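Hi,

Here is the structure I promised to pass on to you. Have a look at it first, and then read on for what turned up.

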Amino acid sequence: MTAQTPDATLAEPQSLAGKSVSLERLSKRYAGIRALDSLDLALPAGAFCTLLGPSGSGKTTVLKLVAGFETPSEGAVRIDGRDVAAVPASARNIGMVFQNYALFPHMSVAQNVAFGLEMRRLGRAEVARRVRDGLALVDLAGYDDRLPRQLSGGQQQRVALARALVIRPDILLMDEPLGALDKGLRQSLQVELKRLHARVGVTVLFVTHDQEEALHLSDLVAVLNHGRLQQVGPPEALYNRPENTFVAGFLGDCTLLPGTVACAGDRPVLRLADGTLLAAGRIAPGLTAGADAVLGVRPESVAVSPHVPAAADTVNRLPAQVDTAIFSGNSYRILLHAAGQTVSATLPNTRNRTVPPPGTPVHLTFTHTDAFILAA
Ligand SMILES: Nc1ncnc2c1ncn2[C@@H]1O[C@H](COP(=O)(O)OP(=O)(O)OP(=O)(O)O)[C@@H](O)[C@H]1O
Ligand SMILES: [Mg+2]
């Protein structure tokens, strides 16, 4: 046998790019509860896609429908364009890793990883080869004979990942696989997951309610709330161009200042209750002058200065007063009172940084291109 790298044997041509998944007006009701409401979502072959949303928003329901553990109330799941309604779960070639996907406690690591291969009646030599390659892929070569209870939580999750990957799935479903781990381990497994995805090439549908995790890992993020899709796009697009206040608030910090639209069109302006006019780079489609709306701006876009800023028509200016400063390691989050509202700003924790004490009068500025107007 020629020497092969683990990834070369796992990533055979048929599984190299995974398969596309498209969800079409997919709905699921459980005895009157709308768990999922007319979801349209297209996952390109080989993409790393994340479903992000609060508890009860329908994330696990989507995975169950894709896996074939539940049947849709309406709509369709297509894999590579083909409606899989009539394809049983066992024939969909999908790998799964869940938050507490218990490994079989009485079986060794190798036996756990071999399980799905033996179910598929692969020959002994092939099973042994794939188990070895699978464990090498998740950096657990040599752990074959350990029992799950002799592994750390992160190692157990890596065994679960190896077990899902050795069957060479077209699609890998992961439901909060890192949820039970501490922050450090979580972050290092995030890096490993990204690296693995790049090497193995499988379409991943990943579930989390952790927005940072979603931003770190994904090619595409779909935000769900109450079973409905709020927005889908690359992480940068969702963060920089949220389409509604739920997405703006769920992904990262965002100050939302209520007011009315003073001017729609291509130089949109919002009027605050005290009459202050603030310019924005974008306005949600359909908003017209006079509509109730909010102006959103990220804390890192807001500059805090003790001086009155120079006039410039692209800059929004607000007199403010420091409320509190929260130290968070690499930065300070400053909460300020401005125009009767609370505005959040980030100051990087650089050398010689002085943080203005509570009560200090300051001036806030942000450029209009960093602000967006959304429906209230
Ligand atoms: N088998 C079931 N019977 C009845 N209702 C259900 C069932 N499964 C899920 N639900 C309901 O459907 C909704 C969506 O549930 P789902 O498990 O998809 O949420 P989730 O986004 O995965 O939440 P979490 O982050 O808490 O895991 C919830 O209101 C839930 O109570
Ligand atoms: Mg869930």
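Let me begin with the ligand. Helix 2 gives the largest share of the shell around ligand 1, three residues. Helices (H or I, at least four residues) and strands (E, at least two) are DSSP runs, numbered from the N terminus. Before going further, please note that this is a predicted model, in which local features need pLDDT of at least 70 and side-chain atom pairs count only at pLDDT 80 or more, while totals for chains, interfaces and linings use all residues. Residues are numbered from 1 along each chain as its sequence is written, chains are lettered from A and ligands numbered from 1 in the order in which they are written, and side-chain values use heavy atoms, with hydrogens and water left out.

The shell around ligand 1 consists of Tyr30, Ile33, Ala35, Pro54, Ser55, Gly56, Ser57, Gly58, Lys59, Thr60 and Thr61; a residue counts as near a molecule if one of its heavy atoms lies within 4 Å of it. By class, these residues are four nonpolar, six polar and one charged. Here Ala, Val, Leu, Ile, Met, Phe, Trp, Tyr, Cys and Pro count as nonpolar, Asp, Glu, Lys and Arg as charged, and the others, Gly among them, as polar.

Which residues put an N or O atom beside an oxygen atom of ligand 1? A polar side-chain atom of Thr61 lies 2.6 Å from a ligand oxygen. Gly56 uses a backbone N or O atom, at 2.8 Å, and Ser57 also uses a backbone N or O atom, at 3.2 Å. On its own, ligand 1 has 640 Å² of accessible area, and the protein covers 62% of that (Shrake-Rupley method with a 1.4 Å probe). Strand 2 (33-43) and helix 2 (59-67) are the elements that give two or more residues to this shell.

Now to the empty space. Rolling a probe the size of a water molecule over the atoms shows where empty space is left. On a 1 Å grid over the protein atoms alone, a cavity is a set of points where a 1.4 Å probe fits but cannot get out, and a pocket is an open set with protein on both sides within 12 Å along at least five of seven lines; lining residues have an atom within 4 Å of a point. Grid points are joined across faces, edges and corners, and a volume is the space filled by probe spheres set on the points.

The whole structure holds three cavities of 30 Å³ or more. The largest cavity has a volume of about 80 Å³, and helix 6 (183-200) gives the most to its lining, with four residues. Eight nonpolar, one polar and two charged residues make up that lining, including Arg158 and Glu192.

The second largest cavity has about 50 Å³ of space. Leu161, Leu165, Leu172, Leu193, Leu196, His197, Val200, Val202 and Val204 line it, and helix 5 and helix 6 are the elements that give two or more of these residues. Its lining has eight nonpolar, one polar and no charged residues.

The second largest pocket has a volume of about 230 Å³. Gln187, Gln211, Glu212, Leu215, His216, Tyr239, Gly252 and Asp253 line this pocket, and helix 7 (residues 211-217) provides the largest share, four residues.

Finally, the salt bridges (a side-chain nitrogen of Lys or Arg within 4 Å of a carboxyl oxygen of Asp or Glu): there are 15 in the whole structure. In one of them, Lys19 pairs with Asp170, with the closest N and O atoms 3.6 Å apart. Lys19 lies in the loop between helix 1 (6-10) and strand 1 (21-30) and Asp170 in the loop between helix 5 (153-165) and strand 7 (171-175), so this pair ties together parts that are 151 residues apart in sequence.

Best wishes

Notes:
Polar contact = N/O pair within 3.5 Å; in protein donor to acceptor, adjacent residues only side chain to side chain.
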